[in-house]
Amino acid sequence: MKNEIVKLLRKEGKLSDEAIDEIEKTNINNFVEIIKEIGKEKREHIKSSEISKDLNTKFIGKNLYIYHEVSSTNTVAKFLSQNGVENGSIVISEKQTGGKGRSGKFWESPLGGVWLSIILAPDVDHSKIPLITLATGVAVAKTLENMGVENSEIKWPNDILINGKKVCGILTEAVTNFNTIENVIIGVGIDANLTIDNFSEEIQSRTTTLENELGRKIDENLLIKLFLEEFEKISELFNSEGYEEILKEWRRRSYTIGKIVEVRKPFNRYYNAYVLGISREGALVVEKIDGTLEKVISGECIIKN
Ligand code: BTN
């Protein structure tokens, strides 16, 4: 069994060679045990004891799987969710070699950022997934406010901006069995203790970091703890169908409403439109040039003004 897993991990390139060598040396057979063991490799900044100390949650973050380096925390979280880990477990890595962004883009994840995934088992259908992403955006924005950021805004659907530049992205992926959602993996990437030159030139002009905005290093473990607490609060609101309250909080921080945008749809289709608001399902409501209204459920939007 272990040999099979090692072969699979090598083939898929999901984990660093160093981590896979560790698995080979480890005398364990159960898959989840293997994943937990890898989590014990040496870490530089992120400490389970620091996050758990005074963590005021009932189920979010009660199990933390912390790594020094993985390909993508979303991928590890998906593996774990299919192998019976508890609802609310969190996968964190100090760096990612194959971080996943939206629309199949690569997500740059150097040491110093906060790269984590939440494993949720919500009892919802597909139509509610966009709202889970919006709720996560609100939880991130509130966390940043608690850390001293005064002007965090949310760009639909899932970018957190400070002074118009992206500091955090969210990637929500559903783990389904036929048509049923078994788990939702919510990946959150926050550019925390990093400077702009830690990123490729291509994204530097539209990226910022907490270190850059606050003019100091922040405590990454505290940031994670505060986020887990905010996330649990908003997920409880979500579970009690407090959707309007979530949307109100989202609208209050919206960077997108009232702007002209270019809506980019799959297959290279795009059009310009004015953003009127956000619907109950979390779709962007836009007015096109010809006056027709449209709800944009998925896609990208580029701000024009
Ligand atoms: C975006 O394109 O804005 C979404 C970026 C999401 C990045 C995070 S980092 C933690 C988690 N693991 C991943 O591979 N992606 C998400």
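Q: Does Cys-168 count as buried or exposed?
A: The model is predicted: local features need pLDDT of at least 70, side-chain atom pairs count only at pLDDT 80 or more, and totals for chains, interfaces and linings use all residues. Residues are numbered from 1 along each chain as its sequence is written, and side-chain values use heavy atoms, leaving out hydrogens and water. Buried means under 20% relative accessible area, exposed over 50%, and partly exposed in between (1.4 Å probe, protein chains only). With a relative accessibility of 0%, Cys-168 therefore counts as buried.

Q: How many disulfides does a search of the whole structure find?
A: A disulfide is a covalent bond between the sulfur atoms of two cysteines. The criterion applied here is a pair of cysteine sulfur atoms within 2.5 Å. Cys-301, at 1% relative accessibility, counts as buried. Across the whole structure, the number of disulfides found is 0.

Q: What percentage of the residues in the protein chain is buried?
A: The protein chain has 10 helices and 12 strands, where helices (H or I, at least four residues) and strands (E, at least two) are DSSP runs numbered from the N terminus. Of contacts (heavy atoms within 4.5 Å) between residues at least 6 apart in sequence, 63% join residues at least 24 apart. Of the 305 residues in the chain, the buried share is 54%.

Q: Which residue caps the N-terminal end of H5?
A: Helix H5 spans residues 73–81 and is mostly covered, with 8 of its 9 residues buried. Among those buried residues are Thr-73, Asn-74, Val-76 and Phe-79. At the N-terminal end of H5, a side-chain oxygen lies 3.1 Å from the backbone nitrogen of Asn-74, and the capping residue is Ser-72.

Q: The side chain of Trp-115 reaches the backbone oxygen of which residue?
A: Trp-115 belongs to strand S3 (residues 114–120), and its relative accessibility of 1% means that Trp-115 counts as buried. At 3.4 Å, the side chain of Trp-115 reaches the backbone oxygen of Glu-94.

Q: Is the peptide bond from Trp-156 to Pro-157 cis or trans?
A: Most residues other than glycine have a negative phi, and most peptide bonds are trans. Pro-157 is found in the loop between strand S4 (152–155) and strand S5 (159–162). With omega near -5 degrees, the bond from Trp-156 to Pro-157 is cis.

Q: What is the relative accessible area of Phe-178?
A: Phe-178 is placed in the loop between S6 and strand S7 (180–190). Its phi is positive, near 55 degrees, in a residue other than glycine. Phe-178 is exposed because its relative accessible area is 80%.

Q: At what angle do helix H9 and helix H10 pack?
A: In H9 (residues 220–239) and H10 (residues 243–252), axes are lines fitted to C-alpha atoms over the stretch in contact, with angles from 0 to 180 degrees between N-to-C directions. Ile-234, Leu-237 and Phe-238 in H9 meet Tyr-243, Glu-245 and Ile-246 in H10. Angles under 35 degrees count as roughly parallel, over 145 as roughly antiparallel, 65 to 115 as roughly perpendicular and the rest as oblique, and H9 and H10 are therefore oblique to each other. Their axes are 7 Å apart, and the packing angle is about 135 degrees.

Methods: A polar contact is a pair of N or O atoms within 3.5 Å; within protein, one must be able to donate a hydrogen and the other to accept it, and residues adjacent in sequence count only if both atoms are side-chain atoms.
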